[in-house]
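Please read them with the model open.

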Amino acid sequence: MASYPPISPLPTTRRQLIGALQNAQDASSVFDLAVVGGGATGLGVALDAASRGLKVVLVEANDFAKGTSSRSTKLVHGGVRYLARGNIGLVREALHERSTLLRNAPHIAQPLAFIVPAYQWWESAFYGLGLKMYDALAGAAGLGPTTLLSRSQTHKALPTVRMQGLRGGVQYWDGQFNDAQLAIALARTAAREGALLVNYMKASRLLFTDDKVSGLACEDVLTGLPYEIHARCVVNATGVWVDALRAQDGQIQQMVAPSQGVHMVVDAKFLPGQQALMIPKTSDGRVLFAVPWLGKVILGTTDTPREDLAIEPFAFEEEVNFILREAARYLQVAPQRSDVKSIWVGLRPLVKPPHDEGGPTQALSREHTVLVSRSGLVTVTGGKWTTYRAMAEDVLAHCADAGLLPQRASRTDHLPLVGAEPTDRSPQSLSAVQGLHSYGSEQSWVAQLPGHDVELTPGLTVAMVRFAARHEYAVHVEDVLARRSRLLFLDAALAVQLAEVVGRVLHEETGLDPDVAGFVQLAAQYQL
Ligand SMILES: Cc1cc2nc3c(=O)[nH]c(=O)nc-3n(C[C@H](O)[C@H](O)[C@H](O)COP(=O)(O)OP(=O)(O)OC[C@H]3O[C@@H](n4cnc5c(N)ncnc54)[C@H](O)[C@@H]3O)c2cc1C
C-alpha cells in the first residue's frame with residue numbers, strides 16, 4: 001500500500017452540508033451523478049464515481065447504513081454455500097473482493113477462522129473437500145488453508161461446542177467486518193474524493209426534462225425544507241425500497257422480493273475465543289453462524305419472506321425460537337431468551353426472477369442486477385456487502401454504456417479508505433471490544449478531542465461522540481449508539497443507559513435535537 005501523509009478529517013456539520021446543497025440549487029449547477037440511498041450499494045457507487053473525477057451528490061433519507069447495511073452478519077465472504085449451488089463466477093468475484101476490502105480497510109475488515117464441527121462420519125471429508133475447492137478458487141486471494149481438525153483440536157478451538165457425538169471438524173478462512181463502520185468510511189472517503197453526501201435528506205420525487213430523468217426533488221427530513229438536485233445521471237440504490245422510485249418512473253413490475261434475517265447477540269462466554277462456528281445445514285437446511293464480534297457473539301440468521309418494508313422490521317417469534325433451538329444443538333450451554341443482549345432484523349434485497357411465482361427466498365439469487373430505464377433511471381439492487389465495490393464498477397459501466405456518464409477507469413481497487421493509511425500499529429482483531437484502535441490511522445485525531453479521557457463505557461469516550469458529530473455525519477443519539485459505536489447492536493439495555501449523556505454531548509456539538517426519546521423507544525425493539 002502506498003504511504004500517505006496524515007490527512008485531517010473533513011468536517012461534516014449539518015450547516016456545511018446543507019450550505020453545499022443550497023449552492024447547488026441553481027439549475028446551471030448540474031451534477032454528473034446523483035445517487036439515492038446511502039447503504040453499501042449507493043455509497044460504493046458514489047465513491048467509485050467521485051474517484052473517477054465525476055461531480056457526485058448522494059442523498060440518504062435516514063442515516064447512512066440505517067437500512068440493511070448495518071444489519072448484516074458482518075462476514076466478508078465468498079459465499080461457501082453458493083459454491084454448493086455451482087455458482088462459481090459469483091464465488092470467485094466475491095473472493096477477489098474479499099481480499100480487496102481487507103487490503104483497503106484493514107482496520108474495518110479482517111480474516112477470521114470458521115470451524116464446521118463434524119458429528120457424522122462423512123462430514124469432515126465432505127465439507128473439507130468443498131472448502132478445499134473454496135481455497136482453490138481464492139488462489140492468491142486465499143486467507144489461510146482449510147484444515148481438518150481432530151476431536152480434541154475442535155474442542156480446543158471451540159471449548160463450548162457440544163462434545164456428545166463430536167468426531168472432529170474443518171477449519172476454513174473468511175473475513176469479518178464492521179458493516180456500519182465501513183459505510184461511514186465509504187461516505188467519508190467519497191467526500192474526500194470531492195462528493196457531497198447528505199444524510200437525513202429524502203429523495204421524494206424524480207425530476208424529468210423531455211421525458212428523461214434529470215434530477216431529484218428532495219426534502220430535508222430534519223427541517224422539512226425542500227431542495228432540488230439536477231444531474232445528468234440518477235442512480236436508484238435504495239435497497240429493498242428500489243421499487244418505490246421505479247414506480248415514479250412508470251416501472252410497475254416489482255424488482256425486489258425482500259427476505260428478512262434476524263440476528264441475536266449473547267455474551268462471549270457462550271463461544272469464547274477467536275474462531276467462529278459455522279453450521280452448514282440446520283434442521284431445516286439453512287446456514288447458522290455463531291461469530292465472535294466486538295466482545296460479544298452474534299447468532300444468526302434466518303431467511304423469511306417479508307412483504308412489508310419497514311425500516312425497523314420486527315422478528316417473528318418462530319425466528320427467535322429457531323435461532324435459540326439451533327444454537328442449543330451445538331453449544332454446551334444453550335443461550336436462553338434472557339441471555340439475549342440485542343436482537344436486530346435486516347431485509348435482504350433479493351432480485352425477483354421475471355415471472356416469479358413466489359417460493360422460498362433461500363433459492364433466490366444473491367447476485368445484483370442493474371437496470372437502465374427508457375428515461376435513463378439507473379437502478380441497482382441485490383448483491384451483498386462483500387461485493388459492493390464490484391457492483392459499483394458495474395453500475396458505472398452501465399451508466400457509460402447508456403451514454404449517461406463518460407467512460408473512465410475505476411480507481412477503487414487500490415484506494416485505501418479513510419483510516420486505512422499505514423500506521424505503526426497493526427489492527428486489533430474484530431473480536432475485541434470496539435475502541436480507539438477501530439479508528440485506524442485517525443486514532444490521534446480522536447485522542448486530541450476534549451473528553452478523550454472520559455469513558456462512558458469500555459470502548460466509548462466523550463471524544464468519540466464529538467468525533468462522530470464533527471466528522472462522521474452523526475446528528476441523533478441513534479447515529480452514535482447504533483452505527484458509529486455499535487452498542488445498540490451489542491447490548492441494547494446498556495445503550496439506553498447512555499442515551500442521555502450521549503445526547504448532551506451531541507447537542508453541545510451540533511445545537512440540533514439529538515432525539516433521545518426516539519432512541520429509547522427504538523431500543524425497546526432491540527430487547528427480547
Ligand atoms: C440478515 C442479513 C445478513 C447479511 N449478511 C451479509 C454478510 O454477512 N456479508 C455480506 O457481504 N452481505 C450480507 N448481507 C447483504 C448486505 O447486507 C446487503 O446486500 C447490503 O447491505 C444492501 O445494501 P443496499 O445499499 O443495497 O441497501 P440498504 O443498506 O438498505 O440501503 C438503501 C438505503 O436507501 C435509503 N433510501 C430508501 N429510499 C430513499 C429515498 N427515497 N431517498 C433517500 N434514501 C432512501 C434507505 O434509508 C437505505 O439506507 C446480509 C443481508 C441481510 C439482510
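1. Start with helix H2 (residues 40-51) and helix H10 (residues 388-401): their axes come within 8 Å and cross at roughly 60 degrees. Axes are lines fitted to C-alpha atoms, for helices over the stretch in contact, and angles run from 0 to 180 degrees between N-to-C directions. H2 and H10 are therefore oblique to each other. Angles under 35 degrees count as roughly parallel, over 145 as roughly antiparallel, 65 to 115 as roughly perpendicular and the rest as oblique. H2 passes H10 in a right-handed crossing (the near helix is turned clockwise from the far one by less than a right angle).

2. Who touches whom here? On the H2 side, the contact uses Ala-40, Thr-41, Gly-44, Val-45, Asp-48 and Ala-49. H10 supplies Tyr-388, Met-391, Ala-392, Glu-393, Val-395 and Leu-396. Contact means heavy atoms within 4.5 Å. The residues of this H2 and H10 contact divide into eight nonpolar, two polar and two charged. Ala, Val, Leu, Ile, Met, Phe, Trp, Tyr, Cys and Pro count as nonpolar, Asp, Glu, Lys and Arg as charged, and the others, Gly among them, as polar.

3. A word on the basis. This is a predicted model: local features need pLDDT of at least 70, side-chain atom pairs count only at pLDDT 80 or more, and totals for chains, interfaces and linings use all residues. Residues are numbered from 1 along each chain as its sequence is written, and side-chain values use heavy atoms, with hydrogens and water left out. Helices (H or I, at least four residues) and strands (E, at least two) are DSSP runs, numbered from the N terminus.

4. Next, helix H13 (residues 477-484) and helix H15 (residues 492-510). Their axes come within 8 Å and cross at roughly 125 degrees. That makes H13 oblique to H15. The crossing of H13 and H15 is right-handed. Val-477, Val-480 and Leu-481 of H13 meet Ala-495, Leu-498, Ala-499, Val-502, Gly-503 and Leu-506 of H15. That contact of H13 with H15 has eight nonpolar residues, one polar and no charged.

5. Is strand S6 (residues 168-177) largely enclosed or open? Nine of its 10 residues are buried, so S6 is largely enclosed by the rest of the structure. Buried means under 20% relative accessible area (1.4 Å probe, protein chains only).

6. Now the partners of S6. Strand S4 (residues 109-118) pairs with S6 in the antiparallel sense over 10 bridges. Two strands pair if DSSP finds at least two bridges between them. Ile-115 stands opposite Gln-171 in S6. Strand S5 (residues 147-150) is also antiparallel to S6, over four bridges. The bridge partner of Thr-147 in S6 is Gln-171.

Terms used
Buried means under 20% relative accessible area, exposed over 50%, partly exposed in between (1.4 Å probe, protein chains only).
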